Amino acid sequence: MLHEAAKRYFDSLGLEKLPSIKALKQEYAALSAESKQLYPDQKAARKEMIDLLTAKSNVERFLEIKIEQPNRKEQQQQESR
């Protein structure tokens, strides 16, 4: 079943002959090396994304508190009347 899916994929590429195992292993090794080389950039980008999401969450929480506080004061004033 898996080999049929692979065959359909290669047929969709319009290849006359399937690539050899050796060629596929070489391509995989090249892509793996490129991935390892790019990993530090990916890790830094992920850390920056987490920092930005944390800052966004903090700002949203802070603004929500700031918005709720005047309402609480208004409620207290109305209750005291």
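A: Start with a spacing. Glu60 and Lys56 are 4 residues apart in helix α2, so about one helical turn separates them. This comes from a predicted model. Glu60 and Lys56 form a salt bridge, and their closest N and O atoms are 3.5 Å apart. That counts as a salt bridge because the cut-off is a Lys or Arg side-chain nitrogen within 4 Å of a carboxyl oxygen of Asp or Glu. Side chains of opposite charge can pair when their charged atoms come close.

Next, look at how open these two residues are. Glu60 is partly exposed, at 44% relative accessibility. Lys56 is partly exposed too, with a relative accessible area of 48%.

Now move to the other pair. A search of the whole structure finds 2 salt bridges. Lys47 and Asp51 meet through their side chains in a salt bridge, at 3.1 Å from N to O. Lys47 and Asp51 also lie 4 residues apart in helix α2, which means a separation of about one helical turn. Lys47 is exposed, with a relative accessible area of 52%. It passes because exposed means over 50%. Asp51 has a relative accessible area of 40% and is partly exposed.

The protein chain has 2 helices and 0 strands. Helix α2 covers residues 21-80, and a loop lies between α1 (2-12) and α2. Buried residues make up 1% of the 81 residues in the chain. The accessible surface of the chain is about 8000 Å², and 58% of it belongs to carbon and sulfur atoms.

Methods:
Residues numbered from 1 in each chain as written. Predicted model: local features only at pLDDT ≥ 70, side-chain atom pairs only at ≥ 80, totals over all residues. Heavy atoms only, no water. Buried < 20%, exposed > 50% of the residue type's maximum accessible area, 1.4 Å probe, protein only. Areas by Shrake-Rupley, 256 points an atom, 1.4 Å probe, with all protein chains shown as cover.
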